[in-house]
Amino acid sequence: MQPRNMSMSGVVDLAAVKAAGEAKVKAEQARAEAARQGGGGAVPPSALVIDVDEAGFERDVLQRSAEVPVVIDFWAEWCEPCKQLGPLLERLAQEYNGRFLLAKVDVDANQMLMQQFGIQGIPAVFAVVAGQALPLFQGAAPEAQIRETLDQLIQVGEERFGLTGIAVDAAAAGPEGAEQGPAEVPAGPYDALLEAAVRALDANDFAGAVQAYKNVLSDDPTNTEAKLGLAQAELLSRVRDMDPQQVRDDAAEKPGDVAAQIAAADLDLVGGHVEDAFGRLVETVRRNFGDDRDAVRLRLLELFEVIGPEDPRVVAARTALARVLF
């Protein structure tokens, strides 16, 4: 078991593109199966905080992350900041009432997990969303910052991966327990089209995926999942038949060739070199004018959609783009 891409948007590859739709489908299937068995899958509030070890990590973290974001608190008994952060995270897990699951990992007893996540110091807090690991923060952060981070995590889980959280049995909490957690969510009006897009991606039918996402956006131009999916599917369609070595050679030999730089930026992004892709296009915008400049600017905006507007790399690149334009 290896942690996957370590960013809210992450390295862009075919597996990552499919992850959102697949996670959403799995979550819906899990809820449907629970309903068929006569229950809503509600858990007691005590189940919102769990101790996890190496043996149970696959089941308790990776599999559960297909239905709810899992926040991992790496801690140790001797760590004084951990004694401040741990109870705060546990309290927030109860307060958020099923919007995320808190998994506590004792690093002294689980050295392999600590190494796999590349942890240099504790407390360290990560999250796993739809099987993808990402760092949240290190050290005993202020509560306001932690809340903001959790809110962003939950928003990404809902908008990009369809994770609606887990229902909490309010009766099990007693009179002062938390309110009922998220109920089973009915299928949305565009779920069938979005699932069709995921199936098309599974079959490497990028044209079909593009059309399915466009069908959603024609009725709902602000649909976040469709906008993200369309940008990713179009990117994969463009790079599918590229010769990577030839593209990179062309870009190196022809720094003034706009088409060569755009193609190389697409490859950079698919390969996970996000900042390289953005930097290449910002520099190409700076060197060009007229229609060429506009073509590069528009491709850069498309790549921003692939990564997501809140990603700090996108924010930095937008600022750099504004500097060269104005």
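## Ground rules

Because the model is predicted, local features need pLDDT of at least 70 and side-chain atom pairs count only at pLDDT 80 or more, while totals for chains, interfaces and linings use all residues. Residues are numbered from 1 along each chain as its sequence is written, and side-chain values use heavy atoms, with hydrogens and water left out.

## The chain overall

The chain has 13 helices and 5 strands; these are DSSP runs, numbered from the N terminus (helices are H or I with at least four residues, strands are E with at least two). Of its 326 residues, 48% count as buried. Here, buried means under 20% relative accessible area, exposed means over 50%, and partly exposed is in between (1.4 Å probe, protein chains only).

As for contacts (heavy atoms within 4.5 Å), take those in the chain with a separation of 6 or more: residues 24 or more positions apart account for 71% of them.

## Salt bridges

Searching the whole structure turns up 18 salt bridges, each a side-chain nitrogen of Lys or Arg within 4 Å of a carboxyl oxygen of Asp or Glu. One of them joins Lys 104 to Glu 90, at 3.4 Å from N to O. Lys 104 sits in strand S3 (residues 101-106) and Glu 90 in helix H3 (residues 80-96), so the pair links distant parts of the chain, 14 residues apart. Lys 104 is buried at 10% relative accessible area, whereas Glu 90 is partly exposed at 30%.

## A buried pair

Arg 299 and Asp 266 form another salt bridge, this one at 2.9 Å from N to O. Arg 299 is in helix H12 (residues 290-307) and Asp 266 in helix H10 (residues 258-270), 33 residues apart. Arg 299 counts as buried at 17% relative accessibility, and Asp 266 does too, at 1%.

## Aromatic pairs

There are 6 aromatic pairs in the whole structure. Rings of Phe, Tyr and Trp (its six-membered ring) pair if their centres lie within 6.5 Å, with planes under 30 degrees apart called stacked, over 60 edge-to-face and the rest tilted. Phe 117 and Phe 126 go edge-to-face, 5.1 Å centre to centre with 75° between the planes. Phe 117 is buried at 5% relative accessible area, and so is Phe 126 at 8%.

## H11 against H12

Helix H11 (residues 274-287) and H12 have axes that come within 9 Å and cross at roughly 160°. Axes are lines fitted to C-alpha atoms, for helices over the stretch in contact, and angles run from 0 to 180 degrees between N-to-C directions. That makes H11 roughly antiparallel to H12 (under 35 degrees counts as roughly parallel, over 145 as roughly antiparallel, 65 to 115 as roughly perpendicular and the rest as oblique).

Among the H11 residues that meet H12 are Phe 278, Leu 281 and Val 285, and the H12 side includes Val 296, Arg 299, Leu 300 and Phe 304.
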